[in-house]
Amino acid sequence: MAEGYSRLYTRGMLYLRSIAPRTEAAFPEGYPFDVPLVRALEGLEFRSSVTFLVGENGSGKSTLMEAIAAGVGSITVGGVDVSRDPTLGSARRLAEHLRFAWARRTRRGFYMRAEDFFNFAQRINHLRQDLADDAEDAESRYSGYGRLLATSSLRGQKAALEKSYGDLHANSHGEGFLKLFQSRFVPGGLYLLDEPEAPLSPLRQLTFLALLKDMVDQQAQFIIATHSPIILAFPGASILSCDQAPIREVPYDELEHVRLTRDFLQNPQAFLRHL
């Protein structure tokens with residue numbers, strides 16, 4: 001990849017610069033501190049506007065993502081807030097033992113897991129229905145100017161939701177996922193995304209890459225855990241492998257995900273004949 005081409009895609013602002021253990025003392029015993037990736041963590045620098053964490057399930061990359069979300073005080077989309085989610089208690093404990101170095105602090109952005117999308121879609125559609133029901137109730141309870149004022153406000157809120165999100169359940173999962181990103185991404189944010197490719201077809205992953213470029217150009221920073229060779233190909237991104245401790249930066253062409261996918265596509269029968 002040409003250097004100038006890569007630089008085009010990595011313009012933007014670095015907000016979170018690094019994370020590291022707070023002291024040189026060893027982490028406490030027990031989960032999540034006994035995860036090899038965590039136990040070997042000496043420090044992690046973010047050098048690009050887009051950083052990928054890649055590794056097999058169970059490698060610890062999602063644990064690290066959760067701890068970053070807790071440490072930076074990220075809001076969530078669809079799930080329970082990071083500070084209150086009972087499933088993220090271990091992530092909050094890990095975050096307390098980490099030091100977060102900022103180049104410039106931002107309060108914009110969010111943390112999102114693929115499964116949170118479905119909670120978010122359900123919440124938006126319930127809110128739409130509640131607003132519609134309240135508008136019908138106002139029609140029957142009030143008259144004159146009071147009815148006009150109440151119904152106009154409620155229908156205006158419903159119209160605004162529909163304009164931003166549409167019917168997230170009516171769309172395909174991929175369409176709804178992209179619609180959510182298009183509606184919630186704002187310039188100057190720090191976005192922590194855990195496996196965003198889950199509901200996306202290969203074509204929609206390319207659309208996601210275009211959206212990623214647009215937001216990087218608007219001074220956004222992304223830290224993304226992914227398995228997708230398509231998303232990992234984003235030019236100029238930093239790719240950190242979590243498969244071995246300590247974490248290390250790996251070139252795209254050396255990733256096992258990439259080599260295996262490429263080998264399979266070039267000669268699928270070489271793999272399938274063993275089935």
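Student: Is F33 buried or exposed?
Tutor: This is a predicted model. In it, F33 has a relative accessible area of 4%. Since buried means under 20%, F33 is buried.

Student: And F27, is that one buried or exposed?
Tutor: F27 is buried as well, with a relative accessible area of 9%.

Student: How many aromatic pairs are there in the whole structure?
Tutor: A search of the whole structure finds nine. One of them joins F27 and F33, whose ring centres are 5.6 Å apart; their planes stand at 35°, so this pair is tilted.

Student: What about the rings of F181 and F185, why is that pair called stacked?
Tutor: Their planes are at 10°, and planes under 30 degrees apart count as stacked. The ring centres of F181 and F185 lie 5.0 Å apart. Both F181 and F185 are buried.

Student: Which cluster do those two belong to?
Tutor: Ring pairs link F181 and F185 with F110, Y191, F208 and F222.

Student: Changing topic: how many of the residues of β3 are buried?
Tutor: Five of its five residues are buried, so β3 is mostly covered.

Student: Which way do they point?
Tutor: V50, F52 and V54 point one way from β3, while T51 and L53 point the other way. In a regular strand, side chains alternate between the two faces of the sheet.

Student: Which strands pair with β3?
Tutor: Strand β7, residues 221-225, pairs with β3 in the parallel sense over four bridges. Strand β8, residues 238-241, also runs parallel to β3 and is joined to it by four bridges. T51 has a bridge partner in each: I223 in β7 and S238 in β8.

Student: Why does S59 count as buried?
Tutor: Its relative accessibility is 13%, and the limit for buried is under 20%.

Student: What is S59 in contact with?
Tutor: Leaving aside neighbours within four places in sequence, S59 is in contact with V35, L37, C242 and D243.

Student: Finally, what does the chain come to as a whole?
Tutor: The secondary structure of the protein chain comes to 11 helices and nine strands. Of its 275 residues, 46% are buried. The accessible surface is about 14300 Å², and 50% of that belongs to carbon and sulfur atoms.

Methods:
Residues are numbered from 1 along each chain as its sequence is written. This is a predicted model: local features need pLDDT of at least 70, side-chain atom pairs count only at pLDDT 80 or more; totals for chains, interfaces and linings use all residues. Side-chain values use heavy atoms; hydrogens and water are left out. Buried means under 20% relative accessible area, exposed over 50%, partly exposed in between (1.4 Å probe, protein chains only). Contact means heavy atoms within 4.5 Å. Helices (H or I, at least four residues) and strands (E, at least two) are DSSP runs, numbered from the N terminus. Accessible areas come from the Shrake-Rupley method with a 1.4 Å probe; for residues, only the protein chains shown count as cover. Two strands pair if DSSP finds at least two bridges between them. Rings of Phe, Tyr and Trp (its six-membered ring) pair if their centres lie within 6.5 Å; planes under 30 degrees apart count as stacked, over 60 as edge-to-face and the rest as tilted.
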